[in-house]
Amino acid sequence: RAMDLGKAGLRKVFGGRDCSEVTIGEIMLAQGQRRLHAAGRYQIIGSTLIIAVRAAGLSGADLFTPANQDKLFLALIKHKRPAIWSYIAGLGGSQYRAANALAREWSSMPAPWGGSYYGYGDRAHASRANVLSVLRQVRAALLNQNKQA
């Protein structure tokens, strides 16, 4: 609910169009103009979106589709928060470091003490135990998927 736009925030900002009809460049422009803060299923903020677009090999002309949002997320955790990717991909690291990296990237993820790393009214929306459990599940699923491939 960043900027009090609610679940239909993109539609409000872009005249009724949903994410599949809006380009990444339009999202970036709206963020730069402060008409939009965090966007998409991963709630990516403007400065982070710039990094993720480059790392994902996308451009401003690409649509902000769910598939492209997934690419942005993967690029983000691989390049900006590698502790997350290292753990879930079985490349090393610990689930605690991965959980800390999640908390540093997304204000709604809990820091080790259970609250948000960030102030300004942000708060964690999950328990630390739940985040650690989900990280273990994602890691197991990804490793199992790689074995079957």
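Q: Is Arg 34 buried or exposed?
A: In this predicted model, Arg 34 has a relative accessibility of 69% and therefore counts as exposed, the cut-off for that class being over 50%.

Q: And where is Arg 34 found?
A: Arg 34 is part of the loop between α2, which covers residues 24–32, and α3.

Q: What about phi of Arg 34?
A: Its phi is near 60°, which is a positive value in a residue other than glycine.

Q: Which loop holds Gln 43, and what is its phi?
A: Gln 43 lies in the loop between α2 and α3, and phi of Gln 43 is near 50°, again a positive value in a residue other than glycine.

Q: How much relative accessible area does Gln 43 have?
A: The relative accessible area of Gln 43 is 37%, so Gln 43 is classed as partly exposed.

Q: Switching to helices, at what angle do α3 and α4 cross?
A: Helix α3, made of residues 46–56, and helix α4, made of residues 66–79, cross at roughly 95°, and their axes come within 8 Å. The two helices are therefore roughly perpendicular to each other.

Q: Which residues make that contact?
A: From α3 the contact takes Thr 48, Leu 49, Ala 52, Val 53, Ala 55 and Ala 56, while α4 contributes Lys 71, Leu 72, Ala 75, Leu 76 and His 79.

Q: How do they divide into nonpolar, polar and charged?
A: The contact of α3 with α4 has eight nonpolar residues, two polar ones and one charged one.

Q: OK, on to α6: which of its residues are buried?
A: In helix α6, which runs over residues 95–105, the buried residues are Gln 95, Ala 98, Ala 99, Ala 101, Leu 102, Ala 103 and Glu 105.

Q: What do those buried residues pack against?
A: The buried residues of α6 pack against α3 and α4, and also against α5 (82–88) and α7 (128–148).

Q: Take α7 then, how far apart are the axes of α6 and α7, and at what angle do they pack?
A: The axes of α6 and α7 are 10 Å apart, and the helices pack at an angle of about 115°. As for handedness, α6 passes α7 in a right-handed crossing.

Q: Which residues meet there?
A: On the α6 side they are Gln 95, Tyr 96, Ala 98, Ala 99, Asn 100 and Leu 102, and these meet Arg 128, Val 131, Leu 132, Leu 135 and Arg 136 in α7.

Q: And what does the contact of α6 with α7 have by class?
A: There are seven nonpolar, two polar and two charged residues in the contact of α6 with α7.

Key: Residues are numbered from 1 along each chain as its sequence is written. This is a predicted model: local features need pLDDT of at least 70, side-chain atom pairs count only at pLDDT 80 or more; totals for chains, interfaces and linings use all residues. Side-chain values use heavy atoms; hydrogens and water are left out. Axes are lines fitted to C-alpha atoms, for helices over the stretch in contact, and angles run from 0 to 180 degrees between N-to-C directions. Helices (H or I, at least four residues) and strands (E, at least two) are DSSP runs, numbered from the N terminus. Angles under 35 degrees count as roughly parallel, over 145 as roughly antiparallel, 65 to 115 as roughly perpendicular and the rest as oblique. Contact means heavy atoms within 4.5 Å. Ala, Val, Leu, Ile, Met, Phe, Trp, Tyr, Cys and Pro count as nonpolar, Asp, Glu, Lys and Arg as charged, and the others, Gly among them, as polar. Buried means under 20% relative accessible area, exposed over 50%, partly exposed in between (1.4 Å probe, protein chains only). A crossing is left-handed if the near helix is turned anticlockwise from the far one by less than a right angle, and right-handed if clockwise.
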